[in-house]
Amino acid sequence: MKLSQFKFRLPEDLIAQQPNPERDESRLMVVNRKTGTIEERVFKEIIDYFDDGDLFVYNDTMVFPARLYGNKEKTGARIEVFLLRELSAENKLWDVLVEPARKIRIGNKLYFGDDESMVAEVIDNTTSRGRTLRFLYDGPHDEFKEALYKLGTTPLPYYIKREPNEEDVERYQTIFASKEGAVVVPAAGLHFSRELLKRLEIKGVNQGFITIHSGLGNYREIDVEDLTKHRMDSEEMEASESLVDLVNTTKDEGHRVCAVGTSVLRAIASAVSMGGHMKTYTGWTNKFIFPPYDFTVTDALISNFHLPYSTMLMMVAAFGGYDLVMEAYHKAVKEGYKFGVYGDAMLII
């Protein structure tokens, strides 16, 4: 597959800038791989497509307030700092992106907050935009993290052209988020309300949780036409024993496993074992999935509508079949579906 095969015309006004008023009332396009049919529904009607004994696997990662603004020592220049991951709790070291990168060098100090009480020193250049910061804070780690996160804002993706607000604090987070570590929300999980989860439970649809801390690599531009030459950024994940047992039992009993989001699809594919089963896995994955790909565990996929050229679109096309998925995407554009993290959803069965 070539990068150019994932180009399609997406009008700017179809990229959702705000969350839907109700989580479970987004539009839902249902794509059936066996029949090639495409249906249009409301998200909460997803329950009609699953039965007693089926399993939904959710990503329980929690997004942290990763974007903050500081001032450079002496010049006072405003610098955007995007926290990527904590490298050392003991030394308060963080892997970050900085903008404008050209103004920041090793040894520079940055001051955060109205009173400039939070100070960080640049100790390493990791990439052209990346840096390692050491935060100079004397208190205990929990207190430091709390103070740091108070300075941060919700890390909305680049295509949302507004500043984050109070509503985003709640809505740019799934209701089952519990394990901190992501800077990109698992968007498909945003459509689930407590009421919908309860209705699924009553119907006998089981739920399991896998953890994959989605990073900015999801939005990194692919700069090669030959997709086999693209390298994904690594993301930390955990497939626990309890989740693996649940998935393997579901498969053995002839029921279906539904991945809620491309992050879950990727994590499950990273922990596949023999005979359509999963194995436990804790570590990092840089698995890049694009068509054709043989999925042995996942039977259904829920995903948002993704932007042209994105790795998430490639994963969806690998699961649903390139021609059928691109047909569905062209239909979505024609019918005015909303794209992006706050957009509408697709179910592939």
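Two strands are taken to pair if DSSP finds at least two bridges between them; helices (H or I, at least four residues) and strands (E, at least two) are DSSP runs, numbered from the N terminus. This is a predicted model, in which local features need pLDDT of at least 70 and side-chain atom pairs count only at pLDDT 80 or more, while totals for chains, interfaces and linings use all residues. Residues are numbered from 1 along each chain as its sequence is written, and side-chain values use heavy atoms, with hydrogens and water left out.

1. Strand 7 and its partners. Strand 7 (93-99) pairs in the antiparallel sense with strand 10 (residues 130-136) over five bridges, and Asp-95 stands opposite Thr-132 in strand 10. Strand 6 (78-88) also pairs with strand 7 in the antiparallel sense, over seven bridges; here Leu-83 stands opposite Val-96. Six of the seven residues of strand 7 are buried (under 20% relative accessible area; exposed means over 50%, and partly exposed in between, with a 1.4 Å probe and protein chains only). Strand 7 is therefore largely enclosed by the rest of the structure.

2. Strands 6 and 7 form a hairpin with four residues between them. Lys-92, in this turn, has a positive phi of about 55 degrees, although Lys-92 is not a glycine. With a relative accessibility of 10%, Lys-92 counts as buried.

3. Tyr-309 is partly exposed, at a relative accessible area of 35%.

4. Cis peptide bonds. The bond from Glu-99 to Pro-100 is cis, with omega near -5 degrees. Pro-100 is placed in the loop between strand 7 and strand 8 (109-112). The bond from Pro-291 to Pro-292 is also cis, with omega near -10 degrees, and Pro-292 is found in the loop between strand 15 (281-285) and strand 16 (300-304).

5. Surroundings of Thr-285. Thr-285 belongs to strand 15 and is buried, with a relative accessible area of 5%. A polar atom of the Thr-285 side chain lies 3.2 Å from the backbone nitrogen of Lys-287. Leaving aside neighbours within four places in sequence, the residues in contact with Thr-285 (heavy atoms within 4.5 Å) include Ile-212, Asp-233, Glu-235 and Arg-266.

6. Two of the residues that touch Thr-285, Glu-235 and Arg-266, form a salt bridge (a side-chain nitrogen of Lys or Arg within 4 Å of a carboxyl oxygen of Asp or Glu), with their closest N and O atoms 2.6 Å apart. This pair links distant parts of the chain, since Glu-235 is in strand 13 (residues 235-239) and Arg-266 in helix 5 (residues 262-270), 31 residues apart. Both Glu-235 and Arg-266 are buried.

7. Other salt bridges. The structure holds 19 salt bridges. In one of them, the side chains of Arg-27 and Glu-40 meet at 3.3 Å, N to O. Arg-27 in strand 1 (residues 27-31) and Glu-40 in strand 2 (residues 38-42) are 13 residues apart. Arg-27 is partly exposed at 28% relative accessibility, as is Glu-40 at 36%. Arg-27, Glu-40 and Lys-331 are linked in a network of salt bridges. Another salt bridge joins Asp-226 and Lys-229 (3.1 Å, N to O); Asp-226 is partly exposed at 21%, whereas Lys-229 is exposed at 56%.

Methods:
A polar contact is a pair of N or O atoms within 3.5 Å; within protein, one must be able to donate a hydrogen and the other to accept it, and residues adjacent in sequence count only if both atoms are side-chain atoms.
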